Amino acid sequence: MTTPFQWELEIALSAVKQASQICRSVQAAITDEVLEKKDKSPVTIADFSSQAVICRALNETFPQDPIIGEEDAAELRLEENRAFLEMIVAELNAAQIPETSPENVCRWIDQGGAKEYSSRFWTLDPIDGTKGFLRKEQYAVSLALIVDGKIVLGILGCPNMPFPIDETVTGTLYYAVAGQGAFAIPLNQDQEQAAFPIRVTTTDDFSQSRFCESVESGHSSHGHSQQVAEKLDIEKEPRRLDSQAKYAVVAQGNADIYMRLPTRVGYREKIWDHAAGVLLVQEAGGTVTDITGKPLEFDQGYELKNNQGVIVTNGPLHQELIQTLGELAINE
Ligand SMILES: Nc1ncnc2c1ncn2[C@@H]1O[C@H](COP(=O)(O)O)[C@@H](OP(=O)(O)O)[C@H]1O
Ligand SMILES: [Mg+2]
Ligand SMILES: [Mg+2]
Ligand SMILES: [Mg+2]
C-alpha cells in the first residue's frame, strides 16, 4: 500500500536535495555575482540554478502540473547577461544535469512561470532568503504542492541548518505531508537513515518563550515585535534568521513563535515564501495565521491577497498573541 503523495514526495525530495547541493557549492565559491531585479532585490547564479533543476525534475515527472516559482529567465535572455547565464550553465554541467544548454536552462526556469491559481500546482522559492545566502547565513530551498487550495506537501532544504539531534551535522532537509507528520533528515545522508520526527514546544508561558523574526527590518517590523514582546513579558532576545528556516526552528521546538509583521501598507506576502514552512509547522503541531488570526489562503494566485503578515506559534501561545496585536493596533 502506498500513502498519499508518496511519489510526489520522492521526486520533490530528490530535486530539492540536488538544488540545495548546488546552492551550497555556489555559496562556498562565492562569487559575488548578483543581478538586481526590477524591485531592486538581489538574485544569484544559485537562485536560477536551483529553479532550473527543480522545474526540470518536476516537469519530467508531472508535466501537467503548473509551477508558481519566484524567478523567471527574462533577464537571462538579454545579451548583456550572457556571461551570467553561462555561469549557471557551468553549475548545472558540474552537477551533471543532462541536456544542459543556455536555451534549456532558460526554458526550465520559465517552466516555473505560472501565476494563476489552479486546482493542483507547485510553488517554488529556489532560494528563500537570498540576502542570508549572500551573507553566508541561513537560506532555504522551498517547494510545496497545493491541491484544492490546501498545502499537501512541503519541503525545506536548509544547507546551513544544524541537524536537530546532532548539531555537528550541518545541512537539514525538512519535509511534511498533510496528515503524516513533519520530519528532518540530514541533507548529506548517503545511506537510508530513519527520518527524525519534529515537534513544536508545549509552553503556554510567554515569559519563558522565544520568538524568531527576519534579519531584515525591511521584511518584518522589529519595532512592532519589540512592542509585542514588552507587552507579553517575553524576556528572551529574539532569534533573527533569514528565510523559512524560521518555520523549521519553531517546528523543531527551538523557538515558540515566529512573527512577520508588515513594514508597509499594501505589501502582500508571496505564497512561495510560506507554503512549505506553514505545512511543516502545522504537521509539527503548531498554528499559523495572519496577524489578524485568519488562516492563510493559498487559493488566491501567487500572493496571499487576503492576508497581512504571518504569525506562527506552538499553538498554546497563539490566541493571546493575536489578541495583543489587536490591542496594540498592529493589525490595522
Ligand atoms: N516588504 C517586504 N515585506 C515582507 N517580505 C518581503 C518584503 N520584501 C521582500 N520580502 C520577501 O522576504 C523574503 C525573505 O524573507 P526573510 O526576511 O524572512 O528572509 C524574500 O524572499 P527571497 O529571499 O526569496 O527573495 C522576499 O520575497
Ligand atoms: Mg527574491
Ligand atoms: Mg523568498
Ligand atoms: Mg527567493
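Predicted model: local features only at pLDDT ≥ 70, side-chain atom pairs only at ≥ 80, totals over all residues.

Q: Where is Glu70 placed, and is Glu70 buried or exposed?
A: Burial is read by counting the C-beta atoms around a residue, and 20 or more within 10 Å make it buried. Glu70 has 24 other C-beta atoms within 10 Å and is therefore buried. Its place is in the loop between β3 (67-69) and α3 (82-94). Beyond its neighbours within four places in sequence, Glu70 is in contact with Leu124, Asp125, Pro126 and Trp272.

Q: In which strand is Asp128 found, and with which residues is Asp128 in contact?
A: Asp128 belongs to strand β4 (residues 120-128). Because 28 C-beta neighbours lie inside 10 Å, Asp128 counts as buried. With neighbours within four places in sequence left aside, its contacts are Tyr139, Ala140, Ser142, Ser243, Gln244 and Asp273.

Q: Which residues are the closest to ligand 1?
A: A ligand shell is read first by its members and then by the elements that supply them. Ligand 1 is surrounded by 18 residues, of which Gly129, Thr130, Ser214, His219 and Asp242 are the closest. The elements giving two or more residues to this shell are β4 and α5 (130-134). The largest share, three residues, comes from β4.

Q: What is the order of the strands in the open sheet of seven strands?
A: Strands of a sheet pair through backbone hydrogen bonds, either parallel or antiparallel. In this structure the open sheet of seven strands runs in the order β3-β4-β5-β6-β7-β8-β9, with mixed pairing. Its edge strands are β3 and β9 (196-197), each of which pairs on one side only. Within this sheet, β6 (residues 150-163) and β7 (residues 166-177) run antiparallel and are joined by eight bridges. As a case at the level of residues, Phe163 has Asp166 in β7 as its bridge partner.

Q: Which helices lie across strands β4 and β5?
A: The reading here takes two things, the strands that a helix lies across and the angle between directions. Helix α2 (residues 45-61) lies across β3, β4 and β5 (140-147), at about 155° to β4. Helix α8 (residues 275-283) lies across β4, β5, β6, β7 and β8 (182-186), at about 90° to β6.

Q: Which strands stand at the edges of the open sheet of five strands?
A: The five strands follow the order β11-β10-β12-β14-β13, and the pairing is mixed. At the edges stand β11 and β13 (287-289), each with a single partner strand, so one side of each is left without a neighbour in the sheet. Three bridges pair β13 with strand β14 (residues 310-313) in the antiparallel sense. In β14, Ile311 is the bridge partner of Thr289. Helix α9 (residues 318-327) packs on this sheet, touching β12 (257-260), β13 and β14, and its direction makes about 150° with that of β14.

Q: What is phi of Lys40, and what is phi of Asp233?
A: Most residues other than glycine have a negative phi. Lys40, however, has a positive phi near 75°, and Asp233 has a positive phi near 55°. Lys40 is found in the loop between β1 (34-36) and β2 (42-44). Asp233 is placed in the loop between α6 (222-231) and β11 (239-240). Lys40 is exposed, with 6 other C-beta atoms within 10 Å; Asp233 is exposed as well, with 11.

Q: How many helices and strands are there in the chain?
A: The chain has nine helices and 14 strands. Its radius of gyration is 19 Å, close to the 20 Å that the globule rule gives for 332 residues, so the chain is as compact as a globular protein of that length. Buried residues make up 47% of the 332 residues. Of the contacts between residues at least 6 apart in sequence, 69% join residues at least 24 apart.

Definitions and conventions. Residues numbered from 1 in each chain as written. Chains lettered and ligands numbered in written order. Helix = DSSP H or I, 4+ residues; strand = E, 2+ residues; numbered from the N terminus. Buried ≥ 20, exposed ≤ 12 C-beta atoms within 10 Å, placed from the backbone. Contact = placed C-beta atoms within 7 Å. Pairing = 2+ DSSP bridges. Axes fitted to C-alpha atoms, helices over the stretch in contact; angles between N-to-C directions. Rg over C-alpha atoms; globule rule 2.2 N^0.38 Å. Near = placed C-beta within 6 Å.
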